[in-house]
Amino acid sequence: MGHEFEFPQEALVEAAPEQVWEAISTGPGIDSWFMGRNEVAGGVVRTAFGGFELPESAVTAAEPGKRFAHRSATGEDGRFVAYEFLIEGRDQGSALVRLVTSGFLPGDDWQDEFEAMSRGMEMYFATLVEYLGHFAGRAATPVTEFGPPVGDWPRAWELLHAALGGPPSPGDRVRFGPGPVEGVVYFRNSQTLGIRAGHAIYRFLQGFHGAMIAAHLLFEDEREGEGERWRAWLDELYANGT
């Protein structure tokens, strides 16, 4: 079976088109809001996430300050994913950013994969908006850690929300994690949670293959062992199993 999809998102950001272009078309820029480590070179976008190499994505359009697009190769089963960014400059140094994620998901279970992908893309796009509004021009160090296997996702989220002082809503101030750290919730949906601090963006994602993922972005020098601290925190949070 399978399913062809198109998932559009757009937002007005308090950043100039040049800043948006830097964020969507360079490795350090993409590192600062998307997933893992990224490289844009030789007409190809490469992404490594938590030790996994994603399929290369060929650049199909590059109009500085206006449009950037790239697309993975089509697999034998028809699978591919494409991203297209459109930028429109607005008054007072702002810009309208539109992202259309499209492609084809094979198999009879495509609905589950599409749900995970769309909830994740909502988080990543919200992070792009947050990055441009608060950290534009700065490069992040990604920290990606996987928690223990999860079998009961409602319980896993309940435990994480409890660690933040209760179910959070955008705008809430929270205190959590090793340290601990403090920040403001900027996004939440059924499978992700995003928190902005003065020096970092902290994100938790429901991994499609069964683990809670800490996918954080640090905008200052990374402390030695930062990843290990977050992995230990996730291990302790879910020590009794989910």
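## Basis of the model

The structure is a predicted model, in which local features need pLDDT of at least 70 and side-chain atom pairs count only at pLDDT 80 or more, while totals for chains, interfaces and linings use all residues. Residues are numbered from 1 along each chain as its sequence is written, and side-chain values use heavy atoms, with hydrogens and water left out.

To the contact between them (heavy atoms within 4.5 Å), domain 1 gives 22 residues and domain 2 gives 21 residues.

## The interface

The size of an interface is often expressed as the accessible area lost when the parts come together. Here domain 1 and domain 2 bury about 1,700 Å² between them, and 70% of this lies on carbon and sulfur atoms; buried area is the accessible area (1.4 Å probe) that two parts lose on being put together, summed over both. Of the area that domain 1 buries against domain 2, Phe-49, Met-123 and Glu-130 supply 33%, more than any other three residues.

The rule finds 1 salt bridge across this interface, a salt bridge being a side-chain nitrogen of Lys or Arg within 4 Å of a carboxyl oxygen of Asp or Glu. The side chains of Glu-130 and Arg-196 form a salt bridge with an N to O distance of 2.5 Å.

Helix α3 (residues 110–134) provides 13 residues, the largest share of the side of domain 1 that touches domain 2. Helices (H or I, at least four residues) and strands (E, at least two) are DSSP runs, numbered from the N terminus.

## Two individual residues

His-161 belongs to helix α4 (residues 153–163). His-161 counts as buried because its relative accessibility is 9%, where buried means under 20% relative accessible area, exposed over 50%, and partly exposed in between (1.4 Å probe, protein chains only). Apart from neighbours within four places in sequence, His-161 contacts Gly-166, Pro-167, Pro-168 and Arg-188.

Pro-8 is located in strand β1 (residues 3–13) and, with a relative accessible area of 41%, is partly exposed. Apart from neighbours within four places in sequence, Pro-8 contacts Arg-98, Leu-99 and Val-100. Pro-8 and Tyr-83 are 75 residues apart along the chain, and their C-alpha atoms are separated by 9.8 Å.
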